[in-house]
Amino acid sequence: TTGTLEGLVGAVSAFAGHDDVRGGRVALLGVSLGTTLALLAAQDERLRGRVSLVAGIAPYADLRNVIRLATTGRYPFPAGPAPYPVDPFLRLVMARTFVAWLATGPDRDLLEAVLAGVADDNPDPLAPVRAIPLDGLTAETQTVLGVLLNTDYERFDELYERVPEPVRRSALRLSPLQGASRLAGPVELASAPRDKYFPLEESRALVRAAPDARLTVTGSLDHAIPNLGLAG
């Protein structure tokens, strides 16, 4: 959530202020969502001149596209939308994130409790959400569920635009692609050629948009885990 990002910005600022930090600048190293958070922190005006380098593995760039992928199983590649199978865990993470953006109240409490009880390896993590009766839920909650439970790629944009503006604003705030041009220092990324959560195009988009960025594509990674073997 944006609260997670605020915590990271505060931590980086505190570390950069230590007497034993050379020049008041720190490097950020992230893995998966941690890489995305590091990129977002490095864009923050409050850390201008404080971040010397961002390095990381397998980030996402555009959270809207990740939600689209997690729910519909298709991704908007430059050559056109195409199926891209992902681990079901991505659907669970996106659902928990989306629900956390709802206004506080009974609806959010209910959905958070339901999702908290879903095992990380559940092959159909949104089944308990589909079983919740819509009667009694607020209109805001129903628009969010409309996106989360939709599997039709063609309907995604229409449904997403119905989601309350503060929720969409949170998704934009947590998408490092929109502010990639503000990354003042070098960026080093690495990703698998076929990542199980975030397509390689997410990292490529970041590298295209950042002033000083490089991407290493390596088969020695399986998302964030080294893929051990003689070839690797």
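**Pockets and helix packing**

1. The lining of the largest pocket contains eight nonpolar residues, four polar ones and no charged ones. The model is a predicted one, and the remarks that follow should be read with that in mind.

2. The space in this largest pocket comes to about 240 Å³. Its lining is made up of T1, T4, L33, T36, L37, L40, Y60, L63, V93, M94, T97 and L174. Helix 2 (33-43) and helix 4 (89-100) are the elements that each give two or more residues to this lining. Helix 2 has the largest share, with four residues.

3. The second largest pocket holds about 190 Å³ of space. Its lining has 17 residues, and A42, G49, R182, A184 and G185 are the ones nearest the centre of the pocket. Two or more lining residues come from each of helix 2 and strand 2 (51-57). The largest share here, three residues, belongs to strand 2.

4. In the second largest pocket, six charged residues join eight nonpolar and three polar ones. In the largest pocket, eight nonpolar and four polar residues are found, with no charged residue.

5. Helix 1 (residues 2-16) packs against helix 2 at an angle of about 65°, and the two axes are 9 Å apart. The crossing of helix 1 and helix 2 is right-handed. On the helix 1 side the contact uses T4, L5, L8 and V9, and on the helix 2 side L37, A38, L40 and A41. Seven of these contact residues are nonpolar, one is polar and none is charged. T4, L37 and L40 belong to this contact and are also among the residues lining the largest pocket.

6. Helix 3 (residues 63-72) and helix 4 have axes 9 Å apart and an angle of about 125° between them. Helix 3 is therefore oblique to helix 4. Their crossing is left-handed. Helix 3 brings L63, V66, I67, L69 and A70 to the contact, where they meet L90, R91, M94 and F98 of helix 4. By class, eight of the contact residues are nonpolar, none is polar and one is charged.

7. How do helix 4 and helix 7 (residues 139-148) pack, and at what angle? The angle is about 165°, with the axes 11 Å apart. Helix 4 is therefore roughly antiparallel to helix 7. The crossing of helix 4 with helix 7 is right-handed. M94, A95, F98 and V99 of helix 4 make the contact with V144, V147 and L148 of helix 7. This contact has seven nonpolar residues, with no polar and no charged ones.

8. M94 deserves a separate entry. M94 lines the largest pocket, meets helix 3 as part of helix 4, and takes part in the contact of helix 4 with helix 7. F98 of helix 4 is likewise in the contact with helix 3 and in the contact with helix 7. L63 of helix 3 is in the contact with helix 4 and among the residues lining the largest pocket.

Terms used
Residues are numbered from 1 along each chain as its sequence is written. This is a predicted model: local features need pLDDT of at least 70, side-chain atom pairs count only at pLDDT 80 or more; totals for chains, interfaces and linings use all residues. Side-chain values use heavy atoms; hydrogens and water are left out. On a 1 Å grid over the protein atoms alone, a cavity is a set of points where a 1.4 Å probe fits but cannot get out, and a pocket is an open set with protein on both sides within 12 Å along at least five of seven lines; lining residues have an atom within 4 Å of a point. Grid points are joined across faces, edges and corners, and a volume is the space filled by probe spheres set on the points. Ala, Val, Leu, Ile, Met, Phe, Trp, Tyr, Cys and Pro count as nonpolar, Asp, Glu, Lys and Arg as charged, and the others, Gly among them, as polar. Axes are lines fitted to C-alpha atoms, for helices over the stretch in contact, and angles run from 0 to 180 degrees between N-to-C directions. Angles under 35 degrees count as roughly parallel, over 145 as roughly antiparallel, 65 to 115 as roughly perpendicular and the rest as oblique. A crossing is left-handed if the near helix is turned anticlockwise from the far one by less than a right angle, and right-handed if clockwise. Contact means heavy atoms within 4.5 Å.
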